Amino acid sequence: DRFDAAFAELIPYLIDVVESRRRSPGDDLLSALLAVEDQGDTLSMPELMSFVVLLYIAGHETTVNLIGNSVNALLNHPDQLAAWHADPSIGSRAVDECLRFDGPVQQTVRVPMVPVTYQGLDGPIVVDPGTIVTTVLGAADHDPTVFADPHSLRLDRPNANRHVAFAAGIHYCLGASLARLEAEIAVGSLVTRFPTMRSVGDITWRDRLTIRGVDRLALEF
């Protein structure tokens, strides 16, 4: 109910902002989206609303959980926390390993448009067009045929960037570059400035199926 009420206020607010940008374009993403044109075709209002809401909600929700999960993983692997502190230049690679180890998006849904055949444990599995398929990204990122010792956090893992935490192909996460940068700055700053940080009290996890993240992670410095 609270979500529905908040969302009911969000759309009229965004419509007002859009109309304001139409009248007075600025140097911002929304103005650029309004100006974009492909062979005379522009974004309709429903398309624009869908795009802006996606950027606003998905871009915040996932990155917050990536930061929390990464800090928790490092606290549980103090040798890796010490390694990042000793060499801040590994930040980009470290974030990829954190994404692989405990990413914020554990699963996603796909709907095949043509018959797709997978190799199951007991033989081929044919998925008919229109079938809803749940793809478990978290399991793929712990595939022992791809990642050696997959259940360990190793910031020096040479192929950490082969994770699918951002999905893949045409569905690859729109904000992947920004999420990496935000996590590298936020987690890297904590690790660099507070190498002796530790968790205080119990850690609680969010009650979600798709999005995985800590609900409470208190730290002491």
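**Notebook: one predicted chain**

I began with burial: buried residues make up 33% of the 221 residues in the chain. Buried means under 20% relative accessible area, exposed means over 50%, and partly exposed is in between (1.4 Å probe, protein chains only). The model is predicted, so I noted its limits: local features need pLDDT of at least 70, side-chain atom pairs count only at pLDDT 80 or more, and totals for chains, interfaces and linings use all residues. Residues are numbered from 1 along each chain as its sequence is written, and side-chain values use heavy atoms, with hydrogens and water left out.

**Entry 1. Overall layout**

I looked up the secondary structure. The chain has 7 helices and 8 strands. These are DSSP runs numbered from the N terminus: helices are H or I with at least four residues, strands are E with at least two. I then took the extent of the C-alpha trace. Along its principal axes it spans about 55 × 50 × 40 Å.

I checked the contacts next. A contact means heavy atoms within 4.5 Å. Among contacts in the chain with a separation of 6 or more, residues 24 or more positions apart account for 60%.

I also looked up the surface. The chain exposes about 13,800 Å². Carbon and sulfur atoms supply 57% of that area. Accessible areas come from the Shrake-Rupley method with a 1.4 Å probe; for residues, only the protein chains shown count as cover.

**Entry 2. Charges**

**Entry 3. Salt bridges**

How many salt bridges are there? A salt bridge is a side-chain nitrogen of Lys or Arg within 4 Å of a carboxyl oxygen of Asp or Glu. By this rule I count 9.

I opened the pair Glu-97 and Arg-157. Their side chains meet in a salt bridge at 3.0 Å, N to O. The pair links distant parts of the chain, 60 residues apart. Glu-97 sits in helix 5 (residues 91-102). Arg-157 is in the loop between helix 6 (137-140) and helix 7 (176-193). Are these two buried or exposed? Both Glu-97 and Arg-157 are buried.

I moved to Arg-154 and Asp-156. They form a salt bridge, with the closest N and O atoms 4.0 Å apart. Arg-154 has a relative accessible area of 27%, so I class it as partly exposed. Asp-156 has 52% relative accessibility, so it counts as exposed.

I then looked at Arg-198 and Glu-220. Their closest N and O atoms are 2.8 Å apart in a salt bridge. Arg-198 lies in strand 5 (residues 198-199) and Glu-220 in strand 8 (residues 219-220), so the pair ties together parts 22 residues apart in sequence. Arg-198 is partly exposed at 47% relative accessibility. Glu-220 is partly exposed too, with a relative accessible area of 35%.

I came back to Glu-97 for its network. Salt bridges that share partners join Glu-97, Arg-100 and Arg-157 into one network.

**Entry 4. Nonpolar patch**

Which residues make the nonpolar surface patch? I find Phe-3, Phe-7, Tyr-56 and Ile-57, covering about 430 Å². Patches are made of residues with over 30% relative accessible area and no salt bridge; like charges are joined within 9 Å, nonpolar side chains (Val, Leu, Ile, Met, Phe, Trp, Tyr) within 5 Å. Helix 1 (2-23) and helix 3 (45-75) each supply at least two residues of the patch. Ile-57 belongs to helix 3. At 36% relative accessibility, Ile-57 counts as partly exposed.

**Entry 5. Positive phi**

Asp-149 has a phi of about 45°. Asp-149 is in the loop between helix 6 and helix 7 and is partly exposed at 45% relative accessibility. Ala-167 has a positive phi of about 65° and is not a glycine either. Ala-167 is also in the loop between helix 6 and helix 7. Ala-167 counts as buried, at 14% relative accessibility.

**Entry 6. Thr-192**

Where is Thr-192? I place Thr-192 in helix 7. Thr-192 is partly exposed, with a relative accessible area of 35%. Leaving out residues up to four places away in sequence, Thr-192 touches His-85 and Pro-88. The C-alpha atoms of Thr-192 and His-85 are separated by 5.0 Å, though these residues are 107 apart along the chain.
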